[in-house]
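Here is a colleague's note for your first look at this entry. Keep the structure open beside the text and check each point as you read.

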Amino acid sequence: TTVNSTLSDSASAVVEKGGTAAVAFENTYASEPIEVDINATKLLKNAIDNSNIDLEDDQFTFQLKEGGTVLQTRTNAADGTIGFEPIEFTDVGTRTYTVSEVNKNEDGVTYSTDLYTVTVVVTREKGKLTAAKTIKLNDKEVSEIAFENLLTRGSIVITKTINGDVS
């Protein structure tokens, strides 16, 4: 007598009466990918009185890198937001990114030299991927990525000269 048994879609066995068979099972599964957002903000301040200066769309440029490789380059919106595209993760692991501003050497602008480090640790819990994101600036943990530039505007000196008797 022959017994045929199919176990799931990937394993089967044929066992003759009185015989034995070894069946190996390999359980694999793929978790749904997850996305992690990395966003930043931009402020432009007056170097004289530290007041905020309105931004224009696409006024400043920022880069998201992994190692020395530029993954994304984005510019600011007029409201100061800098939106990088979400990064997709399909497996567990730790990834480290940096976010910095591109110095375009614009006259009167003192650019931020801040370099933010973003570490993303992806783990699998109950078959589902989860991510924890940590942001650091100069090895100190911070809650957000915020760049601030100073603008030194030109000035005009006006001198008034009075001729004649002023009494």
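In what order do the elements of the chain run from the N terminus on?

1. Start with the overall build. The elements run β-β-β-β-β-β-β-β-β-β-β-β-β-β from the N terminus. The tally is 0 helices and 14 strands. Keep in mind that this is a predicted model.

2. Next, some figures for the whole chain. The chain has 167 residues, and 26% of them are buried. Its accessible surface is about 11800 Å². Carbon and sulfur atoms account for 46% of that surface. Now take the contacts between residues at least 6 apart in sequence. Of these, 52% join residues at least 24 apart.

3. Look at the open sheet. It has 6 strands, in the order β6-β5-β9-β11-β12-β13. The pairing is antiparallel.

4. β5 and β6 run antiparallel and are joined by 6 bridges. To find the pairing by eye, locate E66: it stands opposite T69 in β6.

5. Now the largest nonpolar core. In soluble globular proteins, nonpolar side chains tend to be buried together. The core here holds 28 residues. Which of them touch the most other members? They are I38, F89, Y97, V99, V118, I145 and F147. β3, β4, β5, β8, β9, β11, β12 and β14 each supply at least two core residues. The largest share, 4 residues, comes from β11.

6. Pick I145 and follow its contacts. Leaving out residues up to four places away in sequence, I145 touches I38, N39, A40, T41, V99, Y116, V118 and I135.

7. Turn to charge. Side chains of opposite charge can pair when their charged atoms come close. The count here is 4 salt bridges. One of them joins K42 and E101, with the closest N and O atoms 2.9 Å apart. This pair links distant parts of the chain: K42 is in strand β4 and E101 in strand β9, 59 residues apart. Are these two residues buried or exposed? Both K42 and E101 are buried.

8. A second salt bridge joins R74 and E85, whose closest N and O atoms are 3.9 Å apart. R74 sits in strand β6, while E85 lies in the loop between β7 and β8, 11 residues apart. R74 has a relative accessible area of 25%, so it counts as partly exposed. E85 is partly exposed too, at 46% relative accessibility.

9. Another salt bridge brings D91 and R124 together, at 3.3 Å from N to O. D91 lies in the loop between β8 and β9, and R124 in strand β11, so the pair ties together parts that are 33 residues apart in sequence. D91 is partly exposed at 44% relative accessibility. R124 is partly exposed as well, with a relative accessible area of 31%.

Key: Residues numbered from 1 in each chain as written. Predicted model: local features only at pLDDT ≥ 70, side-chain atom pairs only at ≥ 80, totals over all residues. Heavy atoms only, no water. Salt bridge = Lys/Arg side-chain N within 4 Å of Asp/Glu carboxyl O. Buried < 20%, exposed > 50% of the residue type's maximum accessible area, 1.4 Å probe, protein only. Core = buried A, V, L, I, M, F, W, Y, C linked by side-chain atoms within 4.5 Å. Contact = heavy atoms within 4.5 Å. Pairing = 2+ DSSP bridges. Areas by Shrake-Rupley, 256 points an atom, 1.4 Å probe, with all protein chains shown as cover.
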